[in-house]
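The following exercises are to be worked with the sequence and the 3D structure at hand. Each task is followed by a solution in steps.

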Amino acid sequence: MAPAQNVYDDPVFFEGYERLRRSRTGLNEVLEQQPALRSTLPASLAGLRILDLGCGFGDFARKARSEGARAVVGVDASCRMLERAAALTHDAAIEYRRMWVEQLDFGDERFDLVVSSLALHYVEDYAGALARIAGVLRPGGRLAFSVEHPICTALPAQQWARDSTGRPLYWPVDDYWREGKRETRWFVDGVTKHHRTVETYVMGLLRAGFALTALREPLPIEGAEAAVPELDLHRRRPPFLLLAGDRLS
Ligand SMILES: C[S@@+](CC[C@H](N)C(=O)[O-])C[C@H]1O[C@@H](n2cnc3c(N)ncnc32)[C@H](O)[C@@H]1O
């Protein structure tokens, strides 16, 4: 069943998110996708059939093709994100489909690599998602994904505790072991994410029949703070968790 919310189709949210990505000060560029997530993928993407879950604007699909991927299918729940992805893409070997991770269905199609950048913390049923992902991967194929770090999703507010001048004091963590839905504000109120512990993320992968190949908590890339000084905050607690594993059989 598809979840009730996809906030990426909310016009106010979409405008804020698009502005953030256009400004290139978003964390994707400076510490997550480039190069941390890339480092968890096979060294060469040449000839691979790749599935990107929650593909957004299709940045990864285009990058994978520039590295020689045979074909990329990007799926996303948001019509707005997919429209923008299609407008930015001029490549017959990249296909976008509107599909929820919760409803992943490719019949007999199999992929060599499944990538998902910052989408799975929107999915409530993690174990179910992993079972479906395993089902679309060829044996030996790899899943690599990033999520907001559980240290960041534990409390719904997702904010630094600050002193009276607004200076960040510390990042509060509470209710770490109370997994489940969190409603937060990001451009709009009521953005729903799903908090899980690191243990759940890792053990879920192992239980779904994957051999763990990487676990990363990336820092800002060297020199990034020169352009975006606030990035030094991400040296005080991990913003993202990256995991990768190979399907065993
Ligand atoms: C933070 S954006 C990341 C986009 C892209 N992966 C990137 O890194 O640039 C999260 C994306 O996941 C999509 N998404 C959220 N929940 C989803 C779900 N349940 N199924 C499929 N896509 C989903 C959103 O529509 C959005 O495009």
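**Exercise 1.** Which residues of helix 5 (residues 126-136) are buried?

*Solution.* The model is predicted, so that local features need pLDDT of at least 70 and side-chain atom pairs count only at pLDDT 80 or more, while totals for chains, interfaces and linings use all residues. Residues are numbered from 1 along each chain as its sequence is written, and side-chain values use heavy atoms, with hydrogens and water left out.

Step 1. Helices (H or I, at least four residues) and strands (E, at least two) are DSSP runs, numbered from the N terminus. Buried means under 20% relative accessible area, exposed over 50%, and partly exposed in between (1.4 Å probe, protein chains only). In helix 5, the buried residues are Tyr 126, Gly 128, Ala 129, Leu 130, Ile 133, Ala 134 and Val 136.

Step 2. The cover over these buried residues includes strand 1 (49-53), strand 4 (111-117), strand 5 (137-148), helix 7 (198-207), strand 10 (210-216) and strand 11 (240-247).

Step 3. At the N-terminal end, Asp 125 caps helix 5, with a side-chain oxygen 2.8 Å from the backbone nitrogen of Gly 128.

**Exercise 2.** Describe helix 1 (11-23).

*Solution.* Step 1. Helix 1 has 13 residues and reaches 18 Å from first to last C-alpha, close to the expected 18 Å; the expected span is 1.5 Å times one less than the number of residues.

Step 2. Phe 13, Phe 14, Gly 16, Tyr 17, Glu 18 and Arg 21 are buried in helix 1.

Step 3. The N-terminal cap of helix 1 is Asp 10, which places a side-chain oxygen 2.9 Å from the backbone nitrogen of Val 12.

**Exercise 3.** Which residues come nearest to the ligand?

*Solution.* Step 1. Of the 22 residues around the ligand (a heavy atom within 4 Å), Arg 21, Gly 54, Asp 76, Glu 102 and Ser 117 come nearest. Helix 1 and helix 2 (27-39) each supply at least two residues of this shell.

Step 2. An N or O atom in the side chain of Asp 76 is 2.6 Å from a ligand oxygen. For Glu 102, an N or O atom in the side chain is 2.8 Å from a ligand nitrogen. Ser 117 has a polar side-chain atom 2.8 Å from a ligand oxygen.

Step 3. The protein covers 97% of the 600 Å² of accessible area that the ligand has on its own, by the Shrake-Rupley method with a 1.4 Å probe.

Terms used
Contact = heavy atoms within 4.5 Å. Polar contact = N/O pair within 3.5 Å; in protein donor to acceptor, adjacent residues only side chain to side chain.
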